[in-house]
Amino acid sequence: MAGLAWLIPLLPLASWLYIGLPSHRASTRYDRVGIGAVGIAFLLSLGVLWDVIRGGSAAASFTWAVHGSTAITIGYQVDGLTAVMLVVVTLVSLMVQVYSLGYMHGDRRYKRYYAVLSLFTFAMLGLVLADNLLLLYIFWELVGLSSYLLIGHWFEDPANVRAANKAFLTTRAGDVAMFIGIMILFSQTGTFAFGELGELAQAGAISAQALALGAILLFAGAVGKSAQFPLHVWLPDAMAGPTPVSALIHAATMVAAGVYLVGRAYPVFAASPEAMQVVAWIGGITAIFAATMALVQADIKKVLAYSTVSQLGYMMLGLGLGGYTAGLFHLITHAFFKALLFLGSGSVIHATGTQDMHQMGGLIRKMPITGWTWIIGSAALAGIPPLAGFWSKDEILLTAYYANPTLFWIGVVAAAMTAFYITRATWLTFFGAPRDAERYAQVQESPRVMTVPLVILAVLAATVGFLGAPPLGAPFAQLVHFGEVHHLEMTSVVTWGVTAAWVLGVLVALAIYAGGWISRQRIISGLRPVYTLLKNRYYIDDAYDYLFVKGSIGLAYVVGWLDRVVVDGIVNGVAAITRWFADATGLFDREVVDGAVNGVADGVSVGSQAFRRLQSGLVQSYILAMAVTVVLGLAIFVIGG
Amino acid sequence: MVPLPYVLGLAALLFSLGLYGVLTQRNAVRILMAIELMLNSVNLNLVGFARYLEPDRPGGQLFAIFVMTVAAAEVAVALAIILVIAHRRDDVDIDKINLLKW
Amino acid sequence: MSLDLISFIVLGIITLVSGYLVVASANLMHAALFLGLSFVGVAGIYLVLGAEFLAAAQILIYVGAITTLIVFGIMVSNLQDLKAGGRGVWARVVRNLASFRRGLVPLVAAAGFAILMLVIYRQSLWPAEAPPASGSNLATVGRLLFTEYVVPFEIASVILLAAVLGAVALSRRDDQPPAGSTGQAAPAAERKEGR
Amino acid sequence: MQLEQSLVQWVGNLYAAGLSWWTSLGIPEWVWVALMAVLKGVAVLTFLLLNVLFLIWLERKVAGRIQRRPGPMHHGPQGIFQTLFDALKLVIKEDIIPSQADKWVFITAPLVMIAPALMIWVVMPFGPDLIARDLNVGLLYVSAVSSFSILALIMAGWSSNNKWSTLGAMRSAAQMISYEIPLGLALVAVGMLAGTLSLKGIVEAQQERTWFLLLQPLGFLVFIVAATAEINRAPFNLPEAESELVAGFNTEYSGFRWGVFFVAEYANLLFMAGMAATLFLGGWSGPAFLPPFLWWLLKTYLFVFLIMWVGWTLPRIRVDQLMELGWKFLIPVGLANIALTGVFVILT
């Protein structure tokens, strides 16, 4: 079964080709093709996973091009990580495509939407299966391209186009660095293949500086794709795309690509302590930094977007501190519950027609399925036991506790914030009194095609955590591990810290929003500077605007001023002096020099009249001149030599 | 076996025919044809050298293949240009296509 | 006299005579057809030189595509030949002898080129006998094309694509609006807001 | 099988004996080689003309049966000698060249049409040893030589100086250029699968594996449709389209010259059917109770009948449908087929 893994990405590819082919028929049947392809791919992935669990593996590669002595290969490899990722990607993609049947119904570019979804799934599956960096990079860019197409799906609105461009360009900044990193590693080892690269790096065959530089540059690509600080700015804006797309791309798969890259190239990272430090700290900073911004968002999708950034930071934190299994396990659980939350938010937006949480409230009475699945998802995100998020977040924090206490406490604080903002979002959306009665009256539960994926994902979000639960033997760690499988002892500090974090977060949120015991206005006015800072996203977007856009313009102004005032002043002063001198010499000039100059000019004029006939515009004349010259040259050669 | 100078001589003669055509014809289509003759004579040279100097590694033949490819591209574009000009002016006299001079 | 040499001479004469007629014949369509014949001659010479693949490609590309394209172009645009005047190239040469650009100078240049090249070839010591070729020519060419020459090969394909697009863009009539610019109207207007 | 092999052996012995006798006369060897080549050509030509005579009769009979009428019935049993008399009539008819025609091109066009139609048979393997010349660029040779007929049709149409003819010629050029591409794509896939371009090698590859019809269903579909269009058979017979263009490119032709076009057309039909049999149905290979040559003939006539059947059943398609089918369906499918074949070849 694992030997058939190469077939999995080909199914969405075929579906993309079929849907994407130009056709006169504006049929809606195309959705069935996409769903069918990804459904079969999902079943195949399950088969592959089953095979891998029983100890199977597969790899194959063939030569694509030969350059000098280096063969560039194309190939795939299947191991535990790949198998799990295949299942996650195909499953979430399947759910999203089914969900889109309802959500995108009647969209004017329905066909294109399904075509690009298939392309995206193909690219992501290819990325997961690739066995070398170059191939991975190709799929990496394909993922970026399809993400760009999907974010800009409603391109009639210039804001959406800007968001798509921003996402594309920001990630491109990371990709350039990543490509340089790939080339550095290639120049040191002469191979792109993960297996060989890892062995060489572990064996110390690469100099420490080159390894650190290559790994950090590689990580820069992951920073861009996984929206880590400081390249996180594109992800919140990318919410301009259709919500199912946000669920697929910005929660479960594309942003996971960065984490996956770090996981896949882990031997390289692990061999360089500096690179690991960078990964861990970027992850930690991102985790807390994005969590703070999520606290104050009014837009339900923005809350989820910042939450995604924050959770990706957790994964990087775990990976950077040596918790390979923990980081990747969080990637899997997060994929399920964040896809669930995004699809739930889509259901809410579909029903209410707005994204502003302040215009919602009390929706659980009208939308029970959406509401309860959302609550399961948010509980999983907050890390309430025994849901998925609890187990994976716990593992990461445990790793951090042993490896780096500072980062551990940062993680705990971020966990508290997570619990707070998701509780806040839940309450504002689903509970309390309806704040906009007119909208509330029109709300009804979403159709079955949208709620069934929600229920499936909710069940998974609730249960998938047991795969990594130490009391149950942590089957996930048996499958995905780096080096030996090892378990860390649970300590009371971690247990209590984590528990206190989510309890505190939930309670404070309920106290403010549900109970009203603490006035929101008082908090806002009391913490006015902090609130403003958070509302404005730490001014990072503005800083980029100032630095890179306005900065250039300002520099131009300064240079212009210098030019006008200083340079022109000197020039004008010199000119005044010169003019006086010129008046004196002018007399001499007019009488004596002009005579000579005019004579020369007249001569040139007459000569150029003659020469200008040469440029006749007649190509044949030019060719004739060439031919005659060549023949003369040949003649000299023959006669002379 | 054909001596190499025969092949080269034939190519040279064909080249001169093409050259003469390019230099003297007024009709753009016919100039295009003459250019094709010249390209063919070059290919003959390449294939001849490939056969006589490097029979086991015929790089010259590959060059000829690339020349053919480029010739096909060139004819397509040139003919398209000529057709546009003919469409606009009912005339493809190369001497009258001189908007860019001076 | 071997069969090879006789074939070469016959084919060479075909090539040169039809090449001459490309330049000389008064009718543009005839010139194009003679061009095709000249290409066939060259393909035959490739066969004599043991380049079967190239011979087939020559027929396929030059006769099947390029000649057809030119003939087709002449037919579509109804291009009459310009008033060349006179029958045959010699009449024109004599009449144009006074002209600088179309008379004696091109003749001298072209003839001089041919004569000088022939003189050089006579002097030089090129091998008269070819070393025997080993193995299948087709396989060798194919292998070289996809290993050592893979980069030029890819570039050639890009050039072809660009040329096709260029030709289509050039020959497209200007008065037609680009097709398919409008999608079907859908209730997307209301779905756009807020998302 | 036995009989054919011994026959071939006998011919081979004869050839060697003749060669030694010839050189003993003091005449160079290449004259003998050239003479034998001419002889081979004459043999193939005779075979071909006999088949064409039969094919024309068959076409009329098939058309008749499909339209519920008996077809030619006089002159021999079931009218089998009808074509022979038609051919005689064509030969003795007056030779008309329109006064406004471009005379030389008008005369040359049938020659340019018939020459490749005969030349192309050089590479057709009628049996394990019954092949005029097994070129190692066989498939390429086929597509190269068949591209001549475009030129012939244009020459015929243009030189007639008649608007129907010119229209027919332009249609045919567009059609054949469009369909040469999918045809080539289908051939490429077959070559990839067999690992050789030699037709004999392809048949042998099929003996090793299985009929390529089973491995290349898409390629076969593309091939048979493109081949039907390439030889201007209904429903792709737009270049002649009696009802719209009188008779298309050959409106002005009559008598013997017209007959040449006719013969070339049927020779091409037979060749394409033979190619289909060779490339996709294993050519001459088959159980030993029939000699290889008969197997080839049987399969070829199967395809001949198929093409005739389709032609007399379907209505002629419009020009825009023709282009659409070629560029938007056959070429993408052909390309996809090549990609699939590539994956298949790598995996096996």
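Me: Okay, which residues of α1(A) are buried?
Reply: In α1(A), the buried residues are A:I8, A:P9, A:P12, A:L13, A:S15 and A:I19, and they lie on the same side of the helix, because the arc they cover around the axis is only 160 degrees. Please keep in mind throughout that this is a predicted model.

Me: Why would residues a few places apart end up pointing the same way?
Reply: An α-helix has 3.6 residues a turn, so residues three or four places apart point the same way.

Me: And what do the buried residues of α1(A) pack against?
Reply: They pack against three other helices of chain A, namely α2 (30–53), α3 (80–103) and α4 (110–129). As for α1 itself, the helix runs over residues 7–20 of chain A, which is 14 residues, and its first and last C-alpha atoms are 20 Å apart, close to the 20 Å expected at 1.5 Å a residue.

Me: Let's go further along chain A. How many residues of α14(A) are buried?
Reply: For α14(A) the count is 21 of its 21 residues, so the helix is mostly covered. This helix takes in residues 300–320 of chain A, and its end C-alpha atoms are 30 Å apart, which agrees with the 30 Å that 21 residues should span at 1.5 Å a residue.

Me: What caps the N-terminal end of α14(A)?
Reply: That is A:D299, which has a side-chain oxygen 2.8 Å from the backbone nitrogen of A:K301. Just after the helix, A:G322 takes a positive phi of about 95 degrees.

Me: Where does A:T191 lie?
Reply: A:T191 is in the loop of chain A between α6 (158–189) and α7 (194–202). With a relative accessible area of 10%, A:T191 falls under the 20% limit and therefore counts as buried.

Me: Which residues is A:T191 in contact with, leaving aside its neighbours within four places in sequence?
Reply: Those contacts are with A:F186, A:E196, A:L197 and A:L200.

Me: What about chain D, where do D:E59 and D:R233 lie?
Reply: The side chains of D:E59 and D:R233 meet in a salt bridge at 2.8 Å, N to O. D:E59 lies in helix α2 (residues 29–66) of chain D and D:R233 in the loop between α10 (217–230) and α11 (242–245), so the pair ties together parts that are 174 residues apart in sequence. D:E59 is buried, with a relative accessible area of 6%, and D:R233 also counts as buried, at 10% relative accessibility.

Me: Let's turn to chain C. How many helices and strands are there in chain C?
Reply: Chain C has eight helices and zero strands. Of its 195 residues, 42% are buried, and among the contacts in chain C with a separation of 6 or more, 52% are between residues 24 or more positions apart.

Me: How much area do chain C and chain B bury between them?
Reply: They bury about 7000 Å², with 75% of it on carbon and sulfur atoms. The contact takes 83 residues from chain C and 73 residues from chain B.

Me: How many salt bridges and polar contacts are there between chain C and chain B?
Reply: The salt bridge count is zero, while six residue pairs are found in polar contact across the interface, with both residues at pLDDT 80 or more. Several helices of chain C each supply at least two residues of the side that touches chain B, including α1 (3–24) and α7 (150–171), and the largest share of that side, 12 residues, comes from α3(C).

Terms used. Residues are numbered from 1 along each chain as its sequence is written. Chains are lettered from A and ligands numbered from 1 in the order in which they are written. This is a predicted model: local features need pLDDT of at least 70, side-chain atom pairs count only at pLDDT 80 or more; totals for chains, interfaces and linings use all residues. Side-chain values use heavy atoms; hydrogens and water are left out. Helices (H or I, at least four residues) and strands (E, at least two) are DSSP runs, numbered from the N terminus. The expected span of a helix is 1.5 Å times one less than its number of residues. Buried means under 20% relative accessible area, exposed over 50%, partly exposed in between (1.4 Å probe, protein chains only). The arc is that of the directions from the helix axis to the C-beta atoms. Contact means heavy atoms within 4.5 Å. Buried area is the accessible area (1.4 Å probe) that two parts lose on being put together, summed over both. A salt bridge is a side-chain nitrogen of Lys or Arg within 4 Å of a carboxyl oxygen of Asp or Glu. A polar contact is a pair of N or O atoms within 3.5 Å; within protein, one must be able to donate a hydrogen and the other to accept it, and residues adjacent in sequence count only if both atoms are side-chain atoms.
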